[in-house]
Amino acid sequence: MKMLLRGGNVYSGGAFRRADVLLEDGRVVAVGDVSDAGAEAVDVTGKHVLPGLIDVHVHFREPGFSYKETIASGSRAAARGGYTTVCTMPNLNPAPDTAEQLEVQLGMIRNEAVVKVVPYGTITMRQSGGGALSDMEAMRDGVVGFSDDGRGVQEDAVMEAAMREAARLGRPVVAHCEVNDLLHGGYIHDGEYARLHGHKGICSESEWRQVARDIELVRRTGCRYHVCHVSTKESVELVRRAKAEGLPVSCETAPHYLVLTDMDLQEDGRFKMNPPIRSAEDRAALLDGLLDGTIEVIATDHAPHSAAEKAKGLAGSAFGIVGLETSFPVLYTRLVLEGVLPLEKLVELMSVRPGRLFGLGGTIEPGAPADIAVFDLGARYRIESADFLSQGHATPFDGWEVQGRNVLTLAEGRPVYRDASFGGSGIVA
């Protein structure tokens with residue numbers, strides 16, 4: 001199958017330029033002034049053609065929790081948001097801690113996913129956060145890395161052993177950093193909003209203390225190490241120093257930490273996630289980290305739950321919000337249009353850098369996979385969570401007026417989403 005994307009503003013080589021893109025057999029064939037009479041021509045004049053977005057941190061809840069999300073619904077939400085590759089966390093039942101358990105998930109992915117879905121294996125057996133390590137060697141070829149996301153590995157010796165094994169296997173450890181002894185039953189940031197409204201807070205040290213420990217273990221082991229959902233100024237500084245030292249350390253943050261602070265909270269479960277939305281000072285440090293290259297990745301931590309699980313306010317609701325269908329327009333509206341980040345930097349953070357760090361693509365150039373998202377950056381609309389393709393609907397951005405709509409997603413050259421505004425009716429895979 002041949003397709004010619006004609007006349008778009010194409011991101012290639014670090015910048016946007018007006019160009020055509022010829023695709024054939026799932027690959028990019030040419031970028032520039034291209035003609036091919038045998039190709040299906042798609043006019044994308046006035047649109048921006050991006051390498052498909054890459055999210056290295058999502059929860060698709062299957063196997064085990066399909067009432068929250070499935071691989072089918074999650075991957076369709078990803079396609080709608082412009083994502084062509086996502087990496088699924090192992091908070092599952094069965095947890096992927098052996099090759100046999102991993103295969104349960106891989107079979108579902110082969111049958112149901114409309115975009116590329118690459119799983120993580122657990123760090124520990126049954127994702128216990130301690131005790132015996134998972135069978136990392138047996139899972140190596142089927143996973144993008146190893147994580148116990150949802151809980152921090154509490155035992156130093158266990159994390160060191162995991163890092164040594166991951167380094168031997170050439171896979172990263174991707175860490176949820178949280179010291180259990182410092183949580184004290186908290187569920188939002190231990191800041192001004194918690195004090196004003198009588199809520200139990202989660203202190204920043206519960207995150208950054210484990211980041212500091214793990215960086216020391218990287219010094220000993222040489223393991224490639226990535227910190228999940230960084231939310232505190234101290235964590236940003238620790239990663240900054242580690243990178244300056246030349247250690248193989250990277251990190252991600254998420255859209256909600258970049259555009260909200262704890263004083264934006266409402267008494268609603270759609271504002272509850274872990275780590276929590278933190279202070280204005282933390283938000284400023286995160287933005288500085290994006291600009292100076294300390295934070296190389298924006299991930300969504302897409303974490304759907306049922307409506308009942310999110311209907312119990314800040315104290316009683318489950319941790320987690322959805323983000324695949326809102327992340328780009330929220331960040332384009334609040335960061336690019338407001339002059340905080342250039343558009344090229346946002347594309348780098350949401351596609352190029354995660355692709356490079358995790359070996360997942362993220363370019364539009366001859367020979368690259370034809371993973372592409374076409375955005376109408378002039379489109380203005382209101383986020384309506386009731387219309388999400390995800391089974392989860394909890395988002396702090398419900399009702400926000402945003403700009404920038406994905407109108408076409410191609411996964412290895414196959415159209416998997418076409419928006420109604422672009423002559424489609426949604427998922428076409």
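Analyst: Strand β12 (residues 225–227) pairs with β9 in the parallel sense, over three bridges. Along that pairing, alanine 175 sits opposite valine 227 in β12. Keep in mind that this is a predicted model.

Zooming out, the two strands belong to an open sheet of four, ordered β9-β12-β13-β14, and the pairing is parallel. β9 (173–175) and β14 (297–298) take the edges; each has a single partner strand, so one side of each is left without a neighbour in the sheet.

Next up is helix α9 (residues 280–292). With 13 residues at 1.5 Å a residue it should span 18 Å, and its end C-alpha atoms are 19 Å apart, which agrees. Buried residues in α9 are Asp282, Ala285, Leu286, Leu287, Gly289 and Leu290. An α-helix has 3.6 residues a turn, so residues three or four places apart point the same way. Just after α9 comes glycine 293, with a positive phi of about 90°.

Further along, helix α11 (residues 327–336) meets helix α12 (residues 343–358): their axes come within 10 Å and cross at roughly 145°. The crossing of α11 past α12 is right-handed. On the α11 side, the contact uses Ser327, Phe328, Leu331, Tyr332 and Val336, while α12 brings Leu343, Leu346 and Met350. Sorted by type, the residues of this contact come out as seven nonpolar, one polar and no charged.

Definitions and conventions. Residues numbered from 1 in each chain as written. Predicted model: local features only at pLDDT ≥ 70, side-chain atom pairs only at ≥ 80, totals over all residues. Heavy atoms only, no water. Axes fitted to C-alpha atoms, helices over the stretch in contact; angles between N-to-C directions. Left-handed = near helix turned anticlockwise from the far one by under 90°. Contact = heavy atoms within 4.5 Å. Nonpolar A, V, L, I, M, F, W, Y, C, P; charged D, E, K, R; others polar. Expected span 1.5 Å × (residues − 1). Buried < 20%, exposed > 50% of the residue type's maximum accessible area, 1.4 Å probe, protein only. Pairing = 2+ DSSP bridges.
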